[in-house]
2 protein chains.
Amino acid sequence: MTTESAFIAALRNLATHPAARGLNDDCAVLELGSETLILTHDAMAEGVHFLSGQDPADVAWKLVATNLSDLAAKGAEPLGVLLGYQLGGDDARFLAGLGEVLTHYNVPLLGGDTISATGAQVLGLTALGRATHRPVPSRSGAQPGDNLWLTGTVGAAMLGFEALKAGDGDSLAYRRPAALLDQGRALAPLVSAMMDVSDGLLLDAQRLAEASQVTIDIDHTAVPIATPEARRDEAMRWGDDYQLLFALPAQITPPVPAHRIGRVLARGPAALLLGGIEPVGTLGYEHH
Amino acid sequence: MTTESAFIAALRNLATHPAARGLNDDCAVLELGSETLILTHDAMAEGVHFLSGQDPADVAWKLVATNLSDLAAKGAEPLGVLLGYQLGGDDARFLAGLGEVLTHYNVPLLGGDTISATGAQVLGLTALGRATHRPVPSRSGAQPGDNLWLTGTVGAAMLGFEALKAGDGDSLAYRRPAALLDQGRALAPLVSAMMDVSDGLLLDAQRLAEASQVTIDIDHTAVPIATPEARRDEAMRWGDDYQLLFALPAQITPPVPAHRIGRVLARGPAALLLGGIEPVGTLGYEHH
C-alpha cells in the first residue's frame, strides 16, 4: 500500500491550479468575483483519528473544530460546512455534538451525504470560508528577522488524550479543541506567515520554515507548556492543540495574547533549530 | 443503528440556513458577493457504492462525475473539487482515473485529505461551482401544465453493472457515467425544475413532484430505454444513469436533445403516476 506522503506527492502533480497552493498549505485559496474563498477538507477514521468508543458528540466537535482551525489560520470567516457521514454507533450523540459545535461557532450546515457501510467509521468534513484580509496568510511568507509566535500552550491535548484513555473524560483539550477564528482574523493583516499547530509544534514549525525557505530557531524555554517541565520535549512534539503559529516582523506586537517562542533566520543547513541546535528524533505526528 | 433517512431527517433540524435548501436538493446554493456558489459532497464506500475489486480508476471517475452531475442539475460551472481519500488497494490506478476525469471535465483539484484506515475504503468528494443562471434551478419549481423531459436513456448503467459483475468490463455506462454539464447550463435559464437521475427515474421523478407539490404523470412508453423492452420497468427503477430530468413550460422546446416523457399536473392523491396509474413496488434505490 502507498504511504500518505507518497500519495500526496503524486496528487500534487494533479493539483496544478494556483488555488491549490501545491497542496502545501492548510487550505485552498480561490479567487471568485469580489471574494476570496478559503476551502479545506479533513477526513477522520475511527481507531486512527479518534478512539473507538469515544463519545460521538466529541468526535463531531473535533471534526468541525479542526477544519475551522484551518480557516482560522487563513484569517477566514466561516461560511458553512458539508458533512460526509458514515452511520455508526450512536448517531444521536453525534448529532448532538454537531449541533453544539455549529452553534458555538455560528456556522451553518450546508449539506453533505450520509452513507451506510461496514467497518471502521470514516467521516469527512468540508469547511468553506471567505477571506477577511488579502493577501491571505500562507505558510510561506516568513522573513529573516521576524519573530515567531504561538497563541497558547502545547501539551494540553496530550494530557487530555492520556486522561481519556485512562477513562477520565473531564479534560476538554483533546476532546473539544478550540478553533481560534477571532485570533486568526486579528492576526491575518499583520503576519508574514501563519498556520495552525495540528501535528506537533516542532514538526509544524519545520514545515513553516521549509515553505518559507528560512531557518526557524525556537527558544524551547520560551514555549508555554501545559505539562510538567519534565514533559516539555514531548509537549512540543505532540499535536492536537490547534494553537496558531505565526511570524511577525520584529517591530510588531501581536494584537491577541501570544508568546514569542523564536526567531526567523536566513536559511541555514537545517530548517529547524532548537536553541541553536538541530533537534533529533521524531518532530511530531508524521503521516506514513 | 439509525437509518440514513432518519439521520438526514434529524440533520435537517440543524440545516436551517436557506443555502442548505432544507437538504432537499442536490446541492447547497450560497450567495456570496456577486456570485452564487453551488456546493455538493458525496461519499462512496467499497462494497456499497462500488464493488470490491472494481478498477480504482473507474471509482475515481465515478466519484468525480457523480458530484459534477449534481452541479450540472444546477446549471453550474465547476470551480474545483476537494478529495477525501482513504488509501486502498491500487492507489496508482485511482490517481490515474482521477487525472483522467479532472482533465476530461477541465476541473481543478483544489485540496483535500488523505488518510490510512483499516476496513472498507470510504471516499468523499466535495465539488464547488458557480451558478451561470439565477435563479438557480431547484427540484421545487415544476408547475401544472409543464412537460417533463429526460436527456437520454435509462437502463444502460443497469446493463453495465450486470456486465461488470459477470466479468465483462467493456461497458462504460456504469463505470464511467457522464456529467451533463453543458446540457445543464443550456437548460438552466429555461426549466421550472431540474435534477439529475441518480437513484432511479421513478423515484427521482416522485421526489421532484413532492418538492414541487404537484403530480407527475409519466408516459412510460415514451421513456427512452437502453434495455430490451422486457426490462423497461426495471430500467425505470434503476439508478446510476445520471440523465437530467426537468420540467419545461408547454410552449418551450429544450435546446438540447431530450425526450418528452410526461406531464406535470395539479397535485392529486399521488405524487407520481405512470400512464395515469399509481405505480406499485420499489421506485428506485432507497436509502435505508
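Tutor: In this predicted model, Thr118(B) sits in the loop that joins strand S4 (109-115) to strand S5 (122-131) of chain B. Is Thr118(B) buried or exposed? With a relative accessible area of 60%, Thr118(B) is exposed, because exposed here means over 50%. Once its neighbours within four places in sequence are left aside, Thr118(B) is in contact with Ala120(A) and with Gln86(B), so that one partner belongs to chain A and the other to chain B. Leu87(B) lies 31 residues from Thr118(B) in sequence, while the C-alpha to C-alpha separation of the two in space is 9.2 Å.

Helix H3 (residues 91-105) of chain A and helix H1 (residues 4-12) of chain B have axes that come within 11 Å and cross at roughly 20°. Because angles under 35 degrees count as roughly parallel, H3(A) is described as roughly parallel to H1(B), and the crossing in which H3(A) passes H1(B) is right-handed. On the side of H3(A), the contact is made by Asp91(A), Phe94(A), Leu95(A) and Leu98(A), and on the side of H1(B) by Phe7(B), Ala10(B) and Leu11(B). Sorted by class, the residues of this contact of H3(A) with H1(B) are 6 nonpolar, no polar and 1 charged.

Next comes the pairing of helix H1 (residues 4-12) of chain A with helix H3 (residues 91-105) of chain B, whose axes come within 11 Å and cross at roughly 20°. That angle makes H1(A) roughly parallel to H3(B), and their crossing is right-handed. Here Phe7(A), Ala10(A) and Leu11(A) of H1(A) meet Asp91(B), Phe94(B), Leu95(B) and Leu98(B) of H3(B), and by class the residues of the contact comprise 6 nonpolar, no polar and 1 charged.

Chain A has an average pLDDT of 94, and 99% of its residues score at least 70, while the predictor assigns the complex an ipTM of 0.94 and a pTM of 0.95. Where pLDDT is low, predicted coordinates should not be read in detail.

Key
Residues are numbered from 1 along each chain as its sequence is written. Chains are lettered from A and ligands numbered from 1 in the order in which they are written. This is a predicted model: local features need pLDDT of at least 70, side-chain atom pairs count only at pLDDT 80 or more; totals for chains, interfaces and linings use all residues. Side-chain values use heavy atoms; hydrogens and water are left out. Axes are lines fitted to C-alpha atoms, for helices over the stretch in contact, and angles run from 0 to 180 degrees between N-to-C directions. Helices (H or I, at least four residues) and strands (E, at least two) are DSSP runs, numbered from the N terminus. Angles under 35 degrees count as roughly parallel, over 145 as roughly antiparallel, 65 to 115 as roughly perpendicular and the rest as oblique. A crossing is left-handed if the near helix is turned anticlockwise from the far one by less than a right angle, and right-handed if clockwise. Contact means heavy atoms within 4.5 Å. Ala, Val, Leu, Ile, Met, Phe, Trp, Tyr, Cys and Pro count as nonpolar, Asp, Glu, Lys and Arg as charged, and the others, Gly among them, as polar. Buried means under 20% relative accessible area, exposed over 50%, partly exposed in between (1.4 Å probe, protein chains only). pLDDT is the predictor's confidence in each residue, from 0 to 100.
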